[in-house]
Amino acid sequence: MEEKKPLSHHKQESEEQHSSRREFLQKVGVGSVLLSAGAVGFQTLRSLVPNVLYESARKFKIGLPTQLSEGVTFIEDKQLYIFKEGKSFYSISASCTHLGCTVKHTKLNQPKEVEIHGEKKTITSEFHCPCHGSKYYADGTNYAGPAPRPLKWYKLELSPDDGQLIADMGIEVEQNFRLTV
Amino acid sequence: MQFLNQLTALYKKLTWTWNPGSDKEAGDAIVKNVLLHAFPNKVSKGSLSWKYSMYLGTISFVLFVILVVTGLILMFLYVPSVERAYSSVKDLEFVVSFGWLLRSLHRIAAHLMVAVVFLHMVRVFLTGAYKNGKSVGSNRPLNWIIGLGLLLMTLLLSFTGYLLPWDQLAYWAITVGTNIASSAPVVGDKIRFFLLGGNFIDQNALIRFYVLHVFFLPMIVVFLFVWHMWRIRKDGGLAVVDQEALTQKPEKVIPVKSKTYSLLGITNGSSVHVQTTMVNEEENSVASIPNLTRRLWLVTLGTIIVTVILSIIFRAPLEAAANPAVTPNPAKAPWYFLWLQEIVTISTIPLGFVTINGALIGGIILPTVMICLAVWWPYRDPSGINSVGVWFAPERKKQNRIFIIICLFIIIFTIIGTFLRGPYWNFYFPWEAWPTMPVKY
Amino acid sequence: MNHKTMKQKLEFAAKDKLYVSIAGVLFLIVTGYISYDYLTPEWKEYQSEFSDVVAEKFGEERAATIPAGLQQIYVKDLNLSDRCITCHQAVEWKGLENGHNPYKTHPAAILKSHPLEKFGCTTCHSGQGYATDMNSAHGFSEHWEDPLLGKELSEFYVVSNKSAMMQVNCNKCHRFDKETKGMDVINRAKQLVNEKGCRACHVVNGRGGTVGPDLTFEGEKSPEQFSFERVKGFASMFTWHTAHFKNPKELVGETIMPNFGFTSNDAQALALLVMSWKKTKLPVEYIPSNNFKDVPTTEEMEKEERMKNGPGAFFVQKRCFVCHSVSSLGVEAAAQIGPDLAMAVEDVQSRFGRTLDDFLMKPTGTMEVVLSTMLPLTKEERLEAIDKLRNAYELKKKEKLAVKK
């Protein structure tokens with residue numbers, strides 16, 4: 001129909017304006033859809049990031065220090081070894097620093113002379129990992145197998161309320177850490 | 001450069017695993033490929049019209065996609081165990097970011113899908129679209145039956161999903177629902193036992209419903225849906241196209257190659273020439289891309305927006321945790337079964353020594369008869385070719401009336417059951433307040 | 001193609017394009033609303049306000065240590081996850097005892113015996129621990145049966161003792177206590193149960209008469225099981241029980257339960273008591289008077305005391321008692337592998353041909369191994385041991401003489 005009537009200059013211009021407005025509107029529409037789709041994508045992924053956890057606490061009570069038996073105590077569900085030597089206490093993680101298997105505390109048949117960090121020591125036990133054969137000295141220093149680091153040491157403290165021993169697996173400590181009761 | 005060639009070769013391998021030996025072979029391959037035939041090349045304006053199809057099928061498909069997407073995410077967050085199910089749904093409501101929305105969307109989309117699929121069926125009946133027109137090789141009655149299958153699957157999907165939150169609403173709705181199955185003669189109890197994996201709704205029932213809900217039923221729906229679409233193409237498009245063909249003057253035209261719908265004809269053994277019934281199609285049809293695809297985008301967006309808004313307004317309820325010891329008052333089946341529950345409560349008939357359980361009549365016999373009738377009817381429908389693809393064709397007055405009356409019954413009973421039945425299944429008018437149920441504190 | 005159809009085609013396409021654009025914008029608005037809702041939950045306001053409170057009172061530095069985001073106490077044993085501390089962040093914070101809720105320190109004494117990590121919040125307070133908005137969390141929303149048993153509810157039911165309602169929950173664990181500190185209302189009700197002889201007709205806690213219904217799990221009943229036709233006021237189990245205790249006949253016409261003329265307070269206390277009688281699944285360690293302990297008999301206690309602090313305490317401390325008894329000093333060997341040390345003075349001489357002094361300073365055989373590796377003794381300790389063993393020998397000799405006579 002347009003072709004039958006010669007269009008006036010003015011009319012043509014308004015037609016152009018019209019079409020540019022239309023194009024703009026279309027861009028807004030498509031842009032909105034893309035933006036919303038992005039937001040929906042974010043929301044979807046966000047919903048899979050948990051806000052609360054049902055994990056057991058990293059800080060927990062073990063019991064009264066006097067009731068703990070001498071030597072080593074293994075807390076299975078936390079992968080943690082607690083050591084009692086008379087009045088001093090320390091704890092070493094049982095999680096292998098290679099890939100996280102639980103290392104086994106192994107008593108040696110005979111005391112062994114080893115050199116750890118240039119210091120000569122006599123050890124009576126070691127940690128052995130069942131998965132890939134990593135080995136650690138009694139203080140958790142790795143000496144064989146794929147383990148890249150020594151076993152972690154965690155902080156021990158006494159509860160001010162009831163005097164129970166508290167292990168805090170959120171705080172790592174040095175190998176010379178001892179809690180003296 | 002060589003790397004680029006390798007990349008192209010890899011791409012070709014991934015997209016086109018087989019090299020056709022001849023042009024005909026290539027053509028056949030395309031013809032047989034369902035994915036390449038989701039859309040026709042050209043689409044008639046009648047098919048595009050809002051008034052004719054109301055896009056109810058498209059909407060139900062979009063709803064299904066919403067359900068699949070939200071459902072897949074919900075599967076990461078929901079735990080199908082008696083101990084954890086309820087609390088995982090509570091977590092969705094309270095601590096999972098957007099969890100409430102996911103759940104609400106899934107629920108609203110499910111309810112809408114039941115409604116829209118039902119309306120789609122009503123539309124198809126009232127436009128006589130389950131009947132074959134002039135085009136060769138069409139088998140619309142079969143597609144009507146596939147559609148009925150999709151409706152049943154939709155209901156089952158919704159029903160199996162109903163149990164999963166493991167709250168009082170879920171538990172008792174499924175108790176009521178599955179007890180209908182046990183009223184079937186002879187095998188009823190066994191069916192229920194098999195369905196629940198025991199005599200009571202417990203862990204076995206939960207996991208059965210879950211697996212059905214997230215895997216088997218959706219798979220069946222996907223299969224039936226693809227078949228449904230494939231049949232539409234094979235039937236020569238929507239029924240309205242046949243109607244358009246009738247009103248147009250047929251003219252002899254030179255066969256045109258490379259028309260998708262003509263190629264479809266080849267699969268049915270007819271020639272290109274025969275299929276070209278729509279002579280002035282240039283005037284009456286437009287290219288599917290972008291006209292149809294744009295429409296579909298519009299419908300998709302519209303459906304999503306409506307579903308989201310409804311899910312914000314109507315938050316999904318979660319009652320107290322499932323408690324087999326306490327039946328809430330009233331305990332209702334899911335709303336789309338309430339017309340049956342309504343019939344169930346009035347259809348218990350004492351016959352001398354025996355009393356026929358209402359559940360048998362209302363819950364088993366009636367639905368079975370209705371489904372059988374629906375399957376049988378397209379083959380018996382006497383209405384002629386002129387009534388295919390038009391709303392309320394005068395020729396179909398009688399059957400349309402009967403159909404509408406049945407639908408109205410279902411709708412009215414559903415409304416009564418959902419909104420007007422209060423505690424002890426007593427009838428309450430909308431302006432009458434239900435008695436408040438006592439609480440602990 | 002004629003131009004008219006061409007134009008019609010264009011018109012419909014243009015309209016569709018417009019609609020798609022509008023829908024796109026609408027979609028953006030809806031997504032925007034949802035994002036806004038996500039960024040502004042109710043609890044964030046409480047957390048920022050708490051941070052202000054702490055900053056004002058303790059300085060910015062302490063305020064920076066307050067954990068942000070949803071917080072929960074998860075008690076695996078009770079299958080409980082309470083998010084109350086998301087807003088009630090001051091619960092374990094010292095120095096806000098006089099603050100107002102939710103920025104108030106919880107009374108410390110009760111928390112000491114009922115630590116948060118073991119009990120959570122809702123175990124005692126009720127309410128909906130899952131929830132993260134105030135209305136749902138306090139449980140006054142539809143479909144939550146256990147609302148917060150606090151001030152609001154006490155005021156609603158005009159209960160004079162503000163902690164009375166909560167004592168229902170205390171009694172879940174303290175059910176079999178005769179009297180519990182801090183549970184005045186339930187204590188009073190328990191006293192009434194005995195005074196008025198409820199057991200004449202009812203089974204209470206598993207014993208009593210069968211004239212009236214068994215009340216052992218009365219609290220387990222659902223409200224639907226009560227008839228509220230004659231109950232005035234708010235239809236709740238608590239109302240029913242209170243009214244029923246005040247005047248049984250008024251609620252249940254055919255009842256033979258006498259009217260005891262309870263005061264309002266007593267009737268409420270009794271209502272709370274019967275409502276606390278639930279089938280609660282509790283881990284053994286939560287029950288205050290549980291029998292899952294190895295309680296020593298008086299005899300065993302005496303023996304342990306004698307071993308630890310009696311005249312033979314030295315041999316117990318040094319772990320000699322693992323193998324040896326010292327009969328005259330009251331030390332009994334755990335595993336009687338070695339000879340009685342009461343006769344050591346004679347015994348060593350006859351076995352090794354050496355004096356006790358000599359042997360203990362330079363032991364041979366098993367004792368050499370034991371004293372060098374497992375139980376190392378210093379010289380002083382060895383001397384002390386010798387001294388004590390002589391003493392024991394003297395006592396033993398006297399004993400023998402006494403027996404002969």
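## Reading a helix crossing and a chain contact

Analyst: In chain B, helix α17 (residues 338-346) and helix α19 (residues 397-420) have axes that come within 7 Å and cross at roughly 85°. This is a predicted model, in which local features need pLDDT of at least 70 and side-chain atom pairs count only at pLDDT 80 or more, while totals for chains, interfaces and linings use all residues. Residues are numbered from 1 along each chain as its sequence is written, and chains are lettered from A in the order in which they are written.

User: How is the angle between α17(B) and α19(B) to be described?

Analyst: Two packed helices are described by the angle between their axes and the distance between the axes. Here α17(B) is roughly perpendicular to α19(B), a term that covers angles of 65 to 115 degrees.

User: Which residues make the contact between α17(B) and α19(B)?

Analyst: Residues are in contact if their C-beta atoms, placed from the backbone, lie within 7 Å. On α17(B) these are B:L338, B:W339, B:Q341, B:E342 and B:I343, and they meet B:I410, B:F413, B:T414, B:I416, B:G417 and B:T418 of α19(B).

User: How many residues does each chain give to the contact of chain C with chain B?

Analyst: Chain C gives 34 residues and chain B gives 32. On the side of chain C that touches chain B, the elements giving two or more residues are α1 (3-39) and α11 (237-246), and α1(C) gives the most, with 14 residues.

Methods:
Axes are lines fitted to C-alpha atoms, for helices over the stretch in contact, and angles run from 0 to 180 degrees between N-to-C directions. Helices (H or I, at least four residues) and strands (E, at least two) are DSSP runs, numbered from the N terminus. Angles under 35 degrees count as roughly parallel, over 145 as roughly antiparallel, 65 to 115 as roughly perpendicular and the rest as oblique. Two residues are in contact if their C-beta atoms, placed from the backbone, lie within 7 Å.
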